[in-house]
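Let's walk through this one together, from the overall layout down to single residues. Have the viewer ready.

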Amino acid sequence: MAKVTFRFEEGEPVVTYATEGERLLEVAQKSNVPIDAPCSGNASCGKCRVRLVSGELDSKITRHISEEEYQNGWRLACVSTVKGDVEVEVPDIASAYRSRMKVADLSSPSEIAIFEDTKKKITDAGLELKNSMQVITISMEEPTLDDTMPDNERVTWAVQAATGLERVRIPYSVLKKMPDVLRESHFQAQCVVRVTANDVFLYDMLPMEAKAVVGGLVVDIGTTTVSALIVDMLSGEILAKASSGNGQIRYGADVINRIIESQKPGGHERLQNAIIKETLNPMISNMCRAAKISSQQIYRAAIAGNTTMEHLMMGINADPLRMEPYIPAFFKTNSLFASDVNLAIHPDAHIILAPNIGSYVGGDITAGALVSMIWNRPEMSLFIDLGTNGELAFGNSDFMVSCACSAGPAFEGGDISCGMRATDGAIEKCTIDPETMEPSYHVIGDEG
Ligand code: FES
């Protein structure tokens with residue numbers, strides 16, 4: 001085994017071991033060392049540069065590394081194999097996508113105005129914004145030697161009386177805390193419930209003095225960027241927000257390269273972990289800290305993403321999406337719960353996935369088309385999602401058509417010399433002074 005040391009401009013080095021002949025990019029990925037690899041190791045993007053500090057690598061010469069750069073130690077990690085003990089430096093630019101991705105500020109007045117305006121337009125269009133989650137208060141007689149009914153039956157009776165519904169479902173998570181909560185609160189309690197026409201599902205039981213918050217998680221999983229909110233499902237207030245790079249990005253910039261990676265041994269698990277454990281769960285934890293609530297107080301989640309992102313997030317084989325006739329495992333599904341995918345919220349939280357409408361036109365477009373209200377206008381509109389996977393939806397209140405293509409590589413530096421992602425060093429905006437005609441630009445990462 002050879003000792004492989006990854007050094008960074010900042011932070012502790014990562015030391016790992018690899019067998020001779022192993023590709024450096026794969027060694028890095030196995031060790032959670034973030035090296036930008038938009039082409040998924042196909043030697044076409046030229047972004048996976050590392051600098052050889054000591055030892056030896058077997059590296060192919062490619063057009064992406066000049067003779068002078070090669071002499072200075074620069075190599076592409078995807079065409080370099082380990083020959084013996086080696087030490088390489090991973091430049092900051094390669095890991096920048098992770099920490100400094102330019103993301104939307106969802107708390108700005110203009111963003112909040114968009115949310116409020118959308119809510120109004122949806123209700124004006126006759127769609128009812130309804131919520132089946134609520135908090136009820138129940139009160140019971142305390143047990144005695146003459147009244148030895150078990151706690152769960154006592155609670156069931158009380159919930160039946162409070163809601164008028166016969167069927168009350170109590171999951172293990174509530175049963176587990178029930179004896180303590182009831183005795184602490186002298187057999188009075190607040191219950192977080194979902195009430196439908198047929199039954200009541202008891203999500204949580206809290207002492208009377210506890211602050212009951214019914215949190216809802218909202219997530220947009222982009223191929224490159226992930227945005228999320230926690231909302232108070234009773235008031236509609238936004239409690240916290242977060243954005244992050246998609247942790248899957250080190251396995252490929254676009255959906256096709258991610259699917260190819262998922263087909264390698266352990267690939268499904270790696271990609272699912274990258275989005276759930278490395279991206280969503282830390283975002284949820286940060287948002288809960290900011291909102292001062294427990295992650296267990298998030299009782300429902302709504303997630304939108306393109307068809308591939310939804311499959312990979314669920315750990316479902318997405319390979320048929322890549323091959324003719326391009327068939328997904330599902331367009332919509334109603335049977336996903338947080339515990340199924342280890343999402344760190346209440347284990348019984350129902351995850352509502354925005355429905356996909358095509359193999360490459362996913363739930364993010366369905367959600368976007370819905371809230372942009374273009375389906376409710378007589379005039380023609382064009383909805384454009386210019387993401388890594390780019391989609392268009394066109395139409396009006398009578399009809400709608402859509403299509404998709406891979407837009408990211410055109411802008412994000414896949415196999416071109418001047419493009420890059422919206423991270424440090426990228427030009428964010430250009431302006432021309434109308435008086436003086438003086439041009440100016442702003443670069444992400446620059447002050448001011
Ligand atoms: S050139 Fe190495 S990952 Fe693209």
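What follows goes from the domains to the sheets, then to the helices and a few residues.

First, some housekeeping: this is a predicted model, with local features needing pLDDT of at least 70 and side-chain atom pairs counted only at pLDDT 80 or more, while totals for chains, interfaces and linings use all residues. Residues are numbered from 1 along each chain as its sequence is written, and side-chain values use heavy atoms, leaving out hydrogens and water.

Start with the domains, whose bounds come from an automatic or database domain assignment. The chain splits into domain 1 (2–97), domain 2 (109–128 + 213–366) and domain 3 (133–206). Between the C-alpha centres of domain 1 and domain 3 there are 58 Å.

Now for the sheets. Helices (H or I, at least four residues) and strands (E, at least two) are DSSP runs, numbered from the N terminus, and two strands pair if DSSP finds at least two bridges between them. Look at S13 and S14: they run parallel and are joined by four bridges, and Ala 301 sits opposite Ile 351 in S14.

A second open sheet has three strands, ordered S15-S16-S17 and paired antiparallel. S15 and S17 (400–406) are the edge strands, each pairing on one side only. The twist here averages 10 degrees from one strand to the next. S15 and S16 are joined by six bridges, and Leu 386 faces Gly 390 in S16. H11 turns up here too, packing on the sheet against S15 and S16, with its direction at about 140 degrees to that of S15.

So which residues of H11 (363–372) are buried? They are Gly 363, Asp 364, Ile 365, Gly 368 and Ala 369, where buried means under 20% relative accessible area, exposed over 50% and partly exposed in between (1.4 Å probe, protein chains only). These residues pack against S10, S13, H9, S15 and S16. After the helix comes Met 373, with a positive phi near 65 degrees.

H7 (255–262) is mostly covered, with six of its eight residues buried. Its cover includes H1, H8, H9, H10 and S16.

Finally, two residues. Leu 382 lies in S15 and, leaving aside neighbours within four places in sequence, is in contact (heavy atoms within 4.5 Å) with Leu 392, Ala 393 and Phe 394. Thr 5, in S1 (2–8), is buried with a relative accessible area of 8%. Not counting residues up to four places away in sequence, Thr 5 touches Pro 13, Val 14, Val 15, Val 86, Glu 87 and Val 88.

Methods. Axes fitted to C-alpha atoms, helices over the stretch in contact; angles between N-to-C directions.
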